[in-house]
Amino acid sequence: KCFERIASLIKKTAAYKHIRIVTVSADIFANAGSTIVEELAFALSAGNDYLARLTDAGLTIDEAARKLRFSFAVTSNYFLEIAKFRAARMLWANIVKGYNPEKECAGKMMIHASTSRWNQTVYDPYVNMLRGTTEAMSATIAGAHSLEVMPFDASFENPTEFSKRIAHNVELLLKHEAHFDQVVDPAGGSYYVEN
C-alpha cells in the first residue's frame with residue numbers, strides 16, 4: 001500500500017518536471033561506516049528496488065525513474081569520492097536502461113551530497129572545517145546537483161552562528177571564486193579519476 005500511495009503522489013506531481021519526491025538515502029550507510037563501494041552498492045540496490053515496486057504499482061519506468069533522487073555522503077577520500085559519483089551515474093543509467101524506458105533521459109541520476117558526519121572530531125574541530133571543504137570540493141567536481149556542508153561543530157554541539165556561516169561560505173567559495181558552477185565536467189578526461 002505504501003508504494004501505491006507513492007505512485008499516486010508521483011502521478012499528481014507529473015507536471016512538475018524537475019521535482020524529485022522520492023529520496024534514496026545512501027548517506028545513512030556512509031555515516032554508519034560503510035566503504036564507498038558499499039554505499040554505492042546499497043544505494044543502487046535500493047534505487048532498483050524502488051523502481052521495481054513503483055512499476056508494480058502502476059507507473060511506467062519513465063515516471064518512476066524521473067522522480068527519484070539519491071542522497072550520498074562525501075567522505076575525505078577525495079579522488080575516490082569523485083569516482084564514486086561518476087560511477088553512480090553510469091551504473092544507474094544501466095539499471096534504468098534494463099527496464100526499457102521510452103526516453104534515455106529517464107536514466108539521469110539526480111544527486112544530493114552532504115559532507116560526512118562519521119569522521120568529525122571533537123578534539124580539534126577546526127580540522128572538521130578542512131574536511132568539510134575538501135569533501136564539498138570533491139562533490140562539486142564530481143557533478144552533484146545539490147550540496148549540504150555540515151557546520152564543523154555539528155557533531156558535538158548545536159552549531160554556532162560562526163560555524164553555520166563558515167559552512168555556507170564554503171559553498172559560496174566554490175561557486176564564486178573557484179567557478180565550479182561554470183564548468184560542465186571538471187574531472188572529465190582525468191586519467192587518474194577515470195581509471
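Quick housekeeping. This is a predicted model, where local features need pLDDT of at least 70 and side-chain atom pairs count only at pLDDT 80 or more, while totals for chains, interfaces and linings use all residues. Residues are numbered from 1 along each chain as its sequence is written, and side-chain values use heavy atoms, with hydrogens and water left out.

Okay, the overall picture. The C-alpha trace spans about 50 × 40 × 30 Å along its principal axes. For 195 residues, a compact globule would have a radius of gyration near 16 Å, and this protein has 18 Å, which agrees. That radius is taken over C-alpha atoms, and the globule rule is 2.2 Å times the number of residues to the power 0.38.

What about burial? Of the 195 residues, 38% are buried; buried means under 20% relative accessible area, exposed means over 50%, and partly exposed is in between, with a 1.4 Å probe and protein chains only.

Now contacts, meaning heavy atoms within 4.5 Å. Take those between residues at least 6 apart in sequence: 71% of them join residues at least 24 apart.

Next, let's zoom in on two helices. Helix α1, residues 2-12, packs against helix α3, residues 36-56, at an angle of about 80°, with the axes 9 Å apart. The axes are lines fitted to C-alpha atoms, for helices over the stretch in contact, and angles run from 0 to 180 degrees between N-to-C directions. So α1 and α3 are roughly perpendicular; that label covers 65 to 115 degrees, while under 35 is roughly parallel, over 145 roughly antiparallel, and the rest oblique. Who makes the contact? From α1 it's F3, I6, A7 and I10, and from α3 it's Y50, R53 and L54.

Most residues other than glycine have a negative phi. N100, though, has a positive phi, near 55°. N100 sits in the loop between α5 (78-97) and β3 (111-115), and at 64% relative accessibility it counts as exposed. H179 has a positive phi too, near 60°. You'll find H179 in the loop between α7 (161-177) and α8 (191-194), and at 35% relative accessibility H179 counts as partly exposed.

Technical notes:
Helix = DSSP H or I, 4+ residues; strand = E, 2+ residues; numbered from the N terminus.
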